[in-house]
Amino acid sequence: MLIVIGGLPGTGKTTLARLLAARIGAVHLRIDTIEQAIVRSGLAQHPVGPAGYVIGYALAEEHLRQGLTVIAESVNPLAVTRDSWQNVGTQAAVPMVEVEVVCSDPEEHRERVTTRSVDIPDLPLPDWQQVLNRDYEPWNREHLVIDTAGQDRQQSLALLLHHLDHPGGGLNGANEG
């Protein structure tokens with residue numbers, strides 16, 4: 001299965017992806033990790049552009065073809081990136097679930113963005129204004145929305161697991177929380 005987790009910086013998507021991967025024994029593919037490796041190689045500077053995503057698509061398809069569940073985690077801000085993840089699932093002939101992680105409380109979201117620490121060496125983190133100004137297209141198809149506002153990480157994980165165990169629950173962009 002391919003589980004694509006997207007959302008603005010500071011919503012909790014990396015935390016949720018890590019917890020889910022550990023719980024279900026999946027491969028966690030983080031585009032930030034790929035992009036920072038490209039920068040460290042000297043081949044590019046931030047912003048990297050589409051390279052990190054293209055590498056992520058290839059790695060995800062390879063892992064899926066090996067029978068592994070993949071959690072692909074990135075901001076995933078554009079319809080074209082979402083369509084590309086969908087193509088990966090189709091090419092690998094596996095089911096796919098798209099998850100958008102949001103934090104509906106602007107103050108909590110701002111606090112997360114301004115107080116988080118870098119967990120990938122030298123990765124530049126966006127400030128609050130950059131998060132607000134980010135190009136982020138609305139989702140135009142069914143997907144699961146997990147609202148992490150007012151919840152701890154285990155509550156958000158439980159909500160996500162519930163919806164993965166009960167397909168159809170929380171789809172159509174319904175804000176769950």
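Tutor: Happy to! Let's start with the aromatic cluster that Tyr 53, Tyr 57 and Trp 85 form; keep in mind that the model is predicted. The structure holds two aromatic pairs. In one of them, the ring centres of Tyr 53 and Tyr 57 are 6.2 Å apart and the planes meet at 55°, so this pair is tilted. Tyr 53 and Tyr 57 are four residues apart in helix H3, which means that about one helical turn separates them. With a relative accessibility of 11%, Tyr 53 falls under the 20% limit for buried residues, and Tyr 57 counts as buried too, at 13%. The rings of Tyr 57 and Trp 85 have their centres 4.6 Å apart and their planes at 85°, so that pair is edge-to-face. Because Tyr 57 lies in helix H3 and Trp 85 in helix H4, the pair ties together parts that are 28 residues apart in sequence. Trp 85, like Tyr 57, is buried.

Now for the helix that carries the two tyrosines. The buried residues of H3 are Gly 52, Tyr 53, Gly 56, Tyr 57, Ala 60 and Leu 64. They cover an arc of only 135° around the axis, which puts them on the same side of H3. Their packing partners are strands E1 (2-6), E2 (27-30) and E3 (70-73), along with helices H2 (31-41) and H4 (79-92). As for its length, H3 has 15 residues (51-65) and should span 21 Å at 1.5 Å a residue; its end C-alpha atoms are 21 Å apart, which agrees. Just after H3, Gly 67 takes a positive phi of about 90°.

How values were computed. Residues are numbered from 1 along each chain as its sequence is written. This is a predicted model: local features need pLDDT of at least 70, side-chain atom pairs count only at pLDDT 80 or more; totals for chains, interfaces and linings use all residues. Side-chain values use heavy atoms; hydrogens and water are left out. The expected span of a helix is 1.5 Å times one less than its number of residues. Buried means under 20% relative accessible area, exposed over 50%, partly exposed in between (1.4 Å probe, protein chains only). The arc is that of the directions from the helix axis to the C-beta atoms. Contact means heavy atoms within 4.5 Å. Rings of Phe, Tyr and Trp (its six-membered ring) pair if their centres lie within 6.5 Å; planes under 30 degrees apart count as stacked, over 60 as edge-to-face and the rest as tilted.
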